[in-house]
Amino acid sequence: MNTAKMALSVRVLLGKLQGCRPILAANQTARCLSQAASQPEPCAEENESVNPTFVNRNPRNLEQMALAVKDRGWSTVWPHREFYHRLEFIRTKSHVTASVFSSSSPIPVLTCSTKEWALKRDLHSTSCVAACQAVGEVLAQRCQQAGITRMVYRAIPWTYRSDAVQSFRTALKEGGITLSEPRRKYIDN
């Protein structure tokens with residue numbers, strides 16, 4: 001038998017053994033068509049298993065479930081440090097400012113003030129009861145966009161009953177903000 005014919009028959013035989021179909025080209029060589037390799041079926045148990053070393057990359061989840069640690073601080077310090085988010089409302093002779101602070105940072109997370117042109121241009125006065133209500137509405141909207149729906153607000157006792165503070169609180173509550181936080185849950189291991 002001719003060596004060229006023998007090499008061709010060996011290639012054809014190897015192609016059949018590998019599961020490929022030989023195709024003869026003009027130069028009489030055997031090639032294989034690519035076939036999709038069969039993948040093993042995924043096991044249902046593998047899809048439902050949970051990684052035992054899970055790392056929470058979003059600490060806000062623990063805050064929303066009331067599982068995150070609240071810094072207690074000293075009991076003699078006012079305002080208390082036991083919060084996730086704290087609301088601070090400041091009313092001066094000329095402006096109204098509201099800020100939301102996180103427990104981990106002295107820099108406010110969100111602020112709203114009548115010093116902002118967008119609020120100032122629509123107000124007759126920047127320190128009246130209507131200004132306090134407008135600041136409350138805008139801050140509630142910003143908090144909702146940031147995902148903060150619960151915060152602690154401790155007003156100074158002698159200013160708590162004023163109409164301006166009450167309109168600010170009402171605007172926040174109507175905007176969907178709860179002015180108290182849940183008690184921290186303790187889970188036994």
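The buried residues of helix 5, where buried means under 20% relative accessible area with a 1.4 Å probe and protein chains only, are Ala131, Cys132, Ala134, Val135, Gly136, Val138, Leu139, Ala140 and Cys143. The structure is a predicted model, in which local features need pLDDT of at least 70 and side-chain atom pairs count only at pLDDT 80 or more, while totals for chains, interfaces and linings use all residues. Residues are numbered from 1 along each chain as its sequence is written, and side-chain values use heavy atoms, with hydrogens and water left out.

Helices (DSSP runs of H or I, at least four residues) and strands (DSSP runs of E, at least two) are numbered from the N terminus, and the protein chain has 6 helices and 6 strands. Their order from the N terminus on is α-β-β-α-α-β-β-β-α-α-β-α. Of the 189 residues in this chain, 28% are buried.

After the helix comes glycine 147, whose phi is positive, near 85 degrees.

Which elements cover the buried residues of helix 5? The cover includes those in the table, and it rests on contact, meaning heavy atoms within 4.5 Å.

| Element covering helix 5 | Residues |
|---|---|
| Strand 3 | 85–91 |
| Strand 4 | 96–102 |
| Strand 5 | 108–113 |
| Helix 4 | 117–120 |
| Helix 6 | 163–174 |

Two of these strands also pair, which requires at least two bridges found by DSSP: strand 4 and strand 5 run antiparallel and are joined by 5 bridges. They form a hairpin with 5 residues between them, and alanine 98 stands opposite cysteine 112 in strand 5.

Leaving aside its neighbours within four places in sequence, leucine 139 is in contact with Leu87, Ala98, Val100, Leu110, Thr111, Cys112, Phe168 and Leu172.

Conventions
Buried < 20%, exposed > 50% of the residue type's maximum accessible area, 1.4 Å probe, protein only.
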